[in-house]
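Please look over the sequence and the structure below before reading on. The paragraphs after them go through the model step by step.

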Amino acid sequence: MKRAWNPYLAGALAGVLMILSVAIAGKYFGASTTFARGAATIEQTVGVDTSRYEYFTTKGGKYGPGSLPNWQLLFVVGIALGGLGASLASGTFEVKRVPDMWAARFGDRPLWRNLAAFAGGIVLIIGARLAGGCPSGHGLSGLSQLAVSGFVALAFFFGGGWVTARLLYGKGGER
Amino acid sequence: MMSLLYGLVSGILFGVLLQRAEVLRYDRQVGALRLMDMTIFKFMLTAIMVASVGIYFLKDMGIVSLSLKATGFGAQIVGGTLFGIGWGLLGYCPGTAGGALGEGRLDAAWGLLGMLAGGAVYAAIYPALKATVLGLGNVGKVTLPQVMGVSHWVVIVAMIVLFLGAFRVFEKKGL
């Protein structure tokens with residue numbers, strides 16, 4: 001069971017899942033908006049007046065603190081639960097502080113890795129909200145609908161990522 | 001709320017597929033950005049191929065409707081690039097970070113915290129972005145077949161041929 005599933009087969013099943021989600025629940029896959037809504041909800045909870053922020057009040061409070069819980073939050077939570085369940089069931093669950101590829105290049109100190117992950121998370125959500133989606137919303141859902149926005153966004157997601165990976169790891173692809 | 005249940009169930013199933021195809025892993029995500037390991041693209045592009053056929057078939061039958069994101073070249077080029085930079089640093093995306101934490105990757109937790117912080121930062125800088133980048137090159141909710149003036153099936157077939165060609169290259173080069 002430890003062996004990975006064929007990515008083409010798993011991807012095709014994910015495609016079927018997307019079709020069912022649209023047909024049954026009327027929902028296209030997406031994830032990044034949940035983090036803006038999560039920020040609004042946390043800010044509200046700790047006493048920040050979120051109505052001062054235009055983004056949290058625009059479109060009838062679509063991104064504001066009252067927008068959770070919703071379909072997408074449960075979708076994102078579900079992915080975490082699915083990852084946990086599948087890794088435990090297949091014997092591939094592994095507590096790891098630093099990914100192998102990172103450790104081979106930058107060493108196995110969690111501090112630098114965690115700082116990079118935190119900074120990356122900040123930049124990535126600013127980019128996703130600006131672009132209007134992430135590889136789920138723009139990539140999977142956008143390209144499945146042949147949206148121009150999806151093709152443009154995915155090209156620049158990859159372009160930005162390729163440049164960054166090259167700056168971090170240098171030229172050449174050794175494992 | 002049925003919608004919440006649908007979100008949870010589809011998230012769990014999607015999380016299982018992502019985990020078993022090893023798409024959640026940092027080494028696979030950054031491996032793709034370094035052009036060393038195309039696992040995540042095999043998964044993603046296959047899902048898009050299957051979903052595009054199913055969604056447009058159901059749309060032609062009048063069963064589902066599209067949910068397009070507006071195309072804004074400023075937003076998607078600048079936002080897409082920023083997302084890519086963050087993705088290269090973090091090595092997980094908004095959909096997969098939770099799943100990576102689920103399979104025991106603790107650095108993903110820092111990415112998730114960064115994403116929540118990014119949501120707050122985005123809300124704070126939104127007025128400035130709205131006055132600049134978000135106003136550039138907006139062409140509305142358009143699809144590629146609309147722009148090209150051809151049937152969506154022509155574009156779907158062309159996209160499938162293109163993706164299959166890419167898969168052939170991946171397999172030939174052992175990526």
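Two residues are taken to be in contact if their C-beta atoms, placed from the backbone, lie within 7 Å. The model is predicted. In it, the contact between the chains takes 114 residues from chain A and 106 residues from chain B. On the side of chain A that touches chain B, the elements giving two or more residues are α1 (7-25), α2 (33-45), α3 (54-61), α4 (71-90), α5 (100-106), α6 (110-131), α7 (135-144) and α8 (148-169) of chain A. α6(A) supplies the largest share of this side, with 18 residues. Sorted by class, the side holds 72 nonpolar, 32 polar and 10 charged residues.

Chain A itself comes next. Of the 175 residues in chain A, 55% are buried. Among contacts in chain A between residues at least 6 apart in sequence, 50% join residues at least 24 apart.

One helix to follow is α1(A). At 1.5 Å a residue, the 19 residues of α1(A) should span 27 Å, and because the end C-alpha atoms are 26 Å apart, the two values agree. Buried residues of α1(A) include Pro7(A), Ala10(A), Leu13(A), Ala14(A), Leu17(A), Met18(A) and Ser21(A). An α-helix has 3.6 residues a turn, so residues three or four places apart point the same way. The buried residues of α1(A) pack against α7 of chain A, and also against α1 (2-20) and α3 of chain B. Just after α1(A), Gly26(A) takes a positive phi of about 70°.

The helix α7(A) also meets chain B. The axes of α7(A) and helix α3 (residues 39-60) of chain B come within 7 Å and cross at roughly 35°, and the crossing is right-handed. From α7(A), the contact is made by Gly139(A), Leu140(A), Leu143(A) and Ser144(A), and from α3(B) by Met44(B), Ala47(B), Ile48(B), Ala51(B), Ser52(B) and Ile55(B). These residues divide into 7 nonpolar, 3 polar and no charged.

In chain B, what does helix α6 (residues 107-131) span? At 1.5 Å a residue, its 25 residues should span 36 Å, and the end C-alpha atoms are 35 Å apart, which agrees. A kink of about 55° lies in α6(B) at Ile125(B), shortly before the proline Pro127(B).

Notes. Residues numbered from 1 in each chain as written. Chains lettered and ligands numbered in written order. Predicted model: local features only at pLDDT ≥ 70, side-chain atom pairs only at ≥ 80, totals over all residues. Helix = DSSP H or I, 4+ residues; strand = E, 2+ residues; numbered from the N terminus. Nonpolar A, V, L, I, M, F, W, Y, C, P; charged D, E, K, R; others polar. Axes fitted to C-alpha atoms, helices over the stretch in contact; angles between N-to-C directions. Left-handed = near helix turned anticlockwise from the far one by under 90°. Expected span 1.5 Å × (residues − 1). Bend = angle between axes of the 7 residues up to and from the residue. Buried ≥ 20, exposed ≤ 12 C-beta atoms within 10 Å, placed from the backbone.
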